[in-house]
Amino acid sequence: MTGRSRPGESAVCTFEALPPTKGSRAPFADSWWGRAWLRSLEETSLDSGRLSRGRTYARGGAVGPVTVAPGSAAAPVQGSRRTPYRSTVQVEQLTDQQWDRLLDMIAERAANIAALLDGEMPAGLADDAAAAGVPLLPGPRDLDPECSCPDWGYPCKHAAALCYQVARLLDRDPFVLLLLRGRGERELMDELGRRNTARASAEAAVSATTAAGADPNGSPARTGDPAGLAFASRTDLPSLPAPPPLPERAGRGPALVDSAVPEPGVDPAALELLAADTAMRAHHLLAGALGTRHADTIPPIPLTEWQDAVRFAAAHHTLEVFAHIASNCGRTPRELAAATRAWRYGGVASLDVLESPWAPPASRLERDREALRADWADGRPPRLRSWRNRWTVEGRDAQLRLGRDGLWYPYTKDQGTWWPAGPPDADPAVVLTALLET
């Protein structure tokens, strides 16, 4: 990467051309903010066919060095003629007032700055910014692609190729998105440093003022004291103790078998297993709570009784557990086995794909069919029968299912039952290729 700006200059970054990946079906973006950029591109496009050709151009190395500046990204894109076309994509910049709100949000948590420097975009920051009227992520119709070619498409395949390459850059560095919105990395870090210094100075001044006028007996603020000082007195409270260290592994819980004569209807072995499962989940939750990004995570939705039973069976894979859970849930062992296999490939989302067919938007299915044809080696993927969210390969016991999470899940048929057959992927070509090779 070249072109880092100096303080006081307009930030411009030029990224070297990415090498060709022709034949690769890897996604253009793995990060959630990179995928948000791609969603905006796909919702902006009026022609899914041009998008698929743009992907082919991008993978083939047709996009030259990408120059990113406040509000735009530009690159030469090699088309059918000898001289490359000049493609650009415009993005609306944030106003000074929006930047002021966004910088305050980033500075409020040290974890936000640490995440950005670590190449991550905190999900909580994007959500808070959107709630405050700061469009950090591009939405539908937020991208404005242009190209010097005579193609009237919106976008043309050259501008689409540029947008796909920008998604790769965003995946590697979230500061690219912030630069597109109007501010460069150095400018942002300098401003965040100033805000943190000002915040610390203000807190120190408040603490000194409070200490000077405080009652030595610790009585509440006197009548007539400024309200700000009364609220600021919370800064004098002692700091919280350090969190407990994470044990290397979860404990097993109490040993109940052979320890005493159980009451009628009580199964000591089952209670031991439940205690061990509870310890395992507690260890997992503690590991998440001690993580650096815990403040940015969203609490999971509570599981239903059936989902929790499937989770338990997947974690404790024994015939006895299977028999008990299947009997108590009114399911056959074969149904529970399929459910636990689905759980291992994707938890709640994968279980929903197994059990709940649904009707995706026709535009999404057509877009993925175009991508499948464009990404297939000879442009002729296997014939597929379509029903709701399921594509079944003609002449093969193979099937793809689109989940509500936007991922494609592979399935194979055995003795009349469809079984989950592997991990999901956003690209149907990746899933179908792996499925047919097994």
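This is a predicted model: local features need pLDDT of at least 70, side-chain atom pairs count only at pLDDT 80 or more; totals for chains, interfaces and linings use all residues.
Student: Okay, on to sheets. What holds the strands of a sheet together, in general?

Tutor: Strands pair through backbone hydrogen bonds, and the pairing can be parallel or antiparallel. Look at β1 to β5 here: these 5 strands make an open sheet in the order β1-β2-β3-β4-β5, with antiparallel pairing. At the edges sit β1 (13–15) and β5 (143–147), each pairing on one side only. From one strand to the next, the twist averages 15°.

Student: Can we zoom in on one pair? Over how many bridges do β1 and β2 pair?

Tutor: Over 3 bridges, in the antiparallel sense, with β2 covering residues 66–69. To find your place, pick out cysteine 13, which stands opposite valine 68 in β2.

Student: Which strands does helix α6 lie across?

Tutor: Helix α6 (residues 157–172) lies across β1, β2, β3, β4 and β5, and runs at about 60° to β4.

Student: I also see β6 to β10. In what order do those strands come?

Tutor: The order is β6-β7-β8-β9-β10, again 5 strands in an open sheet with antiparallel pairing. Its edge strands are β6 (384–387) and β10 (417–420). The twist here averages 30° from one strand to the next. Inside this sheet, β7 (residues 390–393) pairs with β8 (residues 398–402) over 3 bridges, and arginine 390 has arginine 401 in β8 as its bridge partner.

Student: Which strands does helix α14 touch?

Tutor: Helix α14 (residues 362–375) packs on the sheet and touches β6, β7, β8 and β9; its direction makes about 35° with that of β7. Helix α13 is there as well, lying across β7, β8, β9 and β10 and running at about 50° to β10.

Student: Now helices against helices. What two things describe a packed pair?

Tutor: The angle between the axes and the distance between the axes. The crossing of α11 past α13 is left-handed. Among the residues making this contact are Trp306 and Arg311 of α11, along with Trp343 and Glu355 of α13. Sorted by class, the contact has 9 nonpolar, 2 polar and 3 charged residues.

Student: And α11 with α12? At what angle do their axes cross?

Tutor: Roughly 170°, and the axes of α11 and α12 (residues 319–329) come within 10 Å. So α11 and α12 are roughly antiparallel to each other.

Student: Which residues of α11 and α12 meet?

Tutor: From α11, look for Trp306, Ala309, Phe312 and Ala313; from α12, look for Val321, Phe322, Ile325 and Cys329. By class, that contact has 8 nonpolar residues, no polar and no charged.

How values were computed. Residues are numbered from 1 along each chain as its sequence is written. Side-chain values use heavy atoms; hydrogens and water are left out. A crossing is left-handed if the near helix is turned anticlockwise from the far one by less than a right angle, and right-handed if clockwise. Helices (H or I, at least four residues) and strands (E, at least two) are DSSP runs, numbered from the N terminus. Contact means heavy atoms within 4.5 Å. Ala, Val, Leu, Ile, Met, Phe, Trp, Tyr, Cys and Pro count as nonpolar, Asp, Glu, Lys and Arg as charged, and the others, Gly among them, as polar. Two strands pair if DSSP finds at least two bridges between them. Axes are lines fitted to C-alpha atoms, for helices over the stretch in contact, and angles run from 0 to 180 degrees between N-to-C directions. Angles under 35 degrees count as roughly parallel, over 145 as roughly antiparallel, 65 to 115 as roughly perpendicular and the rest as oblique.
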